[in-house]
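Me: I'm new to this one. Can you walk me through it?

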Amino acid sequence: MTAPTDVTWGAFSDEPPWVLDRDGLTWRRGLDQVRAATRGEVPELTRPRRLPPGLRVVRVAADLGGAVAAWWAIDRRHGRDASRAGVSRRLRRAAERLGPTYIKLGQIISSGEGLFPEELVAEFRLCRDQVPAEPFSVVRSLVEADLARPLEAVFSSFNPTPLAAASIAQVHEAVLRTDIADGAGRDVVVKVQRPDIGRTVRADLRAMSWVAPFLVGRIPIAALANPPALVEVFAETIVEELDFRLEAENMLDLAAVLAELGQRGYVIPRPHPQLVTRRVLVMERLDGFAFDDVAGMREAGVDTAAVVRTGMVAFLEGALLYGVFHGDLHGGNLFVRPDGRTALLDFGITGRLDEPRRLAFLRLLVGGTVNDVSGQLAALRDLGALPADTDLDAVIRDLRLDQASVDPTTLTPEELVSEIQRTVKALLGYGARMPKELMLFVKNMVFLDGAIATLAPEIDLFAEIAEISTHFATTHADRLARDIGVEVDATAIDLSGMKASFGVDPSTERLTYRELQARRDLINRRLREHGRTLRT
């Protein structure tokens, strides 16, 4: 069988419901201007205001303020653990009362384990599956309005019960009519935006931006020490999700990057050549194993360790060499096909790095493999994580990055808490923040970290890091030299900095994920012990 022509430029399936002509897609016209205009909204939506921006802010202030007030009056008196759990629970309930925009923020937080406190992540995970679906009559009206024809003129069947319902949209399975020019009679997935969600999101972002400064220093969670910055990052993330044409273009761009890299371990669903609008996205339907179905994958002969390795390499190459990467990796957004390839779904959140930031990311990761601490800090500064005038030498001294690392498992609970507080205070003192692209990148790395725990807990982390670093040094040596002026030699790889980040002795030669998790559990137990000591 002749391979479809679009797989020459995109990482698509080999049995397509239709074949894409990238230059002939009418819905792509003018999207550069649409994307620029969408990004240009963010400063206005998040700018500081002296007066409340409309009545919506009253509801937001009441719910969030009430959550914090209840925590202040009740939970904070019962010790550190109860305090953090209490404020997390109250913020999650407030988000659910406030509706889709706040649920979406909660969902992003819920997949940010490692970026946000575990109590907050655990609470907001409850938001993922608790978004009521829109009635089918509403879905029908919206699809017919955007496609400018009756539902039955496009689909021979359309399941009124959604496969999934999220804060911005819901997804239905359908079958195209046999007289449709592209994909006649084929199974498809239809993503339908919630009605008026664009107006709701914009009103909520203005309200968030007004309320956020009042929460500074009032929520006992270090990751939320700067609520205004979190709102800004969230705004940058969510506004592009409101136009499904941008999401469809993200699918094409990522498919093209993976194909250019020769990374065929991923499969991207094809968006339909005609049936894409601002609020409706018809796409190819793919199937496979759920990402946590390890038994099913292994029974089918899938090498689960190879799945993780391929995912890591492809993600890093896309971000570092092309500046494009899927921005919301989690178990619900991907599954593994019987041939071992991973299908990626949901491209509403996609990381896009301009050239200066891409090069900064590249310097950051290369600096990590050769243990160049100063170079890594300079890269973080150029990414916007530190102010442009930051004294990097002072940061190195204050964070003690020029000293031998201390194994956190050897510290007492009091010493561990003190060290964390000292580091956080120093970073905040320098004006550290989490830019959107860095937040998405780190969040994905945290997910991949968890994927190792699920699919390959016994692999040697240091060996895997060395193998990936060697791959970059050998496969992309010319590109690295051209982009950042560094001759990267596989023999120059120095994992001592990586070992320090794990808190292990430089002489440690092997560390499995299972061993790393045991260290983390020990650290968490000591933090909880410290909380119990304070209560007594």
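Me: Where does Arg400 lie?
Reply: Arg400 lies in the loop between helix H14 (392-398) and helix H15 (413-429). Keep in mind that this is a predicted model.

Me: Is Arg400 buried, exposed or partly exposed?
Reply: Arg400 counts as partly exposed, because its relative accessibility is 40%.

Me: What about the phi of Arg400?
Reply: The phi of Arg400 is positive, about 60°, although Arg400 is not a glycine. Most residues other than glycine have a negative phi.

Me: Which residue has a positive phi near 60° besides that one?
Reply: Asp346. Its phi is near 60°, and it is a residue other than glycine. Asp346 sits in the loop between strand S11 (342-344) and strand S12 (350-352).

Me: And is Asp346 buried or partly exposed?
Reply: Partly exposed, because the relative accessible area of Asp346 is 26%. Asp346 also turns up at a pocket.

Me: Which residues lie nearest the centre of the second largest pocket?
Reply: Ala164, Val171, Gly332, Asn333 and Asp346. The lining of that pocket has 36 residues.

Me: How much space lies in the second largest pocket?
Reply: About 1100 Å³.

Me: What classes of residue line the second largest pocket?
Reply: The lining has 16 nonpolar, 9 polar and 11 charged residues.

Me: Which elements each supply at least two residues of that lining?
Reply: There are helices and strands among them. The helices are H4 (100-110) and H9. The strands are S2 (164-165), S3 (169-176), S4 (187-193), S7 (280-284) and S10 (334-336).

Me: Switching to cavities. How many of 30 Å³ or more are found?
Reply: A search of the whole structure finds 5.

Me: What lines the second largest cavity?
Reply: The lining has 14 residues. Leu254, Ala314, Phe315, His326 and Leu344 lie nearest the centre. Helix H9 (244-260), H11 and strand S9 (324-326) each give two or more residues to the lining.

Me: Which element gives the most to that lining?
Reply: H11, with 4 residues.

Me: How does the lining of the second largest cavity divide by class?
Reply: It divides into 12 nonpolar and 2 polar residues, with no charged ones.

Me: Back to H11. How do the axes of H11 and H12 cross?
Reply: The axes of helix H11 (residues 304-322) and helix H12 (residues 355-369) cross at roughly 125°. They come within 7 Å. That angle is why H11 counts as oblique to H12.

Me: Which residues make the contact of H11 with H12?
Reply: From H11, Ala319, Leu320, Leu321 and Tyr322. From H12, Arg358, Phe361, Leu362 and Leu365. By class, that contact has 7 nonpolar, no polar and 1 charged residues.

Me: What is Asn250 in contact with?
Reply: Leaving aside neighbours within four places in sequence, Asn250 is in contact with Arg35, Phe347, Gly348, Thr350 and Arg352.

Me: New topic. Where is Asp63?
Reply: Asp63 is in helix H2 (residues 56-73). At 11% relative accessibility, Asp63 counts as buried.

Me: What does Asp63 contact?
Reply: Beyond neighbours within four places in sequence, Asp63 is in contact with Ala94, Arg97 and Leu98. The C-alpha atoms of Asp63 and Ala95 are separated by 8.2 Å, and these two are 32 residues apart along the chain.

Me: And Pro195, where is that?
Reply: Pro195 is in the loop between S4 and helix H7 (197-215). Pro195 counts as partly exposed, because its relative accessibility is 31%. Leaving aside neighbours within four places in sequence, Pro195 is in contact with Glu134, Val138 and Leu142.

Me: How many residues apart in sequence are Pro195 and Ser141?
Reply: They are 54 residues apart in sequence. In space, Pro195 and Ser141 are 9.7 Å apart, C-alpha to C-alpha.

Me: Last one. Is Thr512 buried or exposed?
Reply: Buried, because Thr512 has 4% relative accessibility. Thr512 is found in the loop between helix H19 (496-502) and helix H20 (513-535). Leaving aside neighbours within four places in sequence, Thr512 is in contact with Pro457, Glu458, Ile459 and Leu461.

Notes
Residues numbered from 1 in each chain as written. Predicted model: local features only at pLDDT ≥ 70, side-chain atom pairs only at ≥ 80, totals over all residues. Heavy atoms only, no water. Axes fitted to C-alpha atoms, helices over the stretch in contact; angles between N-to-C directions. Parallel < 35°, antiparallel > 145°, perpendicular 65-115°, else oblique. Contact = heavy atoms within 4.5 Å. Nonpolar A, V, L, I, M, F, W, Y, C, P; charged D, E, K, R; others polar. Buried < 20%, exposed > 50% of the residue type's maximum accessible area, 1.4 Å probe, protein only. 1 Å grid on protein atoms, 1.4 Å probe; cavity = no way out; pocket = protein on both sides within 12 Å on 5 of 7 lines; lining within 4 Å. Points joined across faces, edges and corners; volume = space filled by probe spheres on them.
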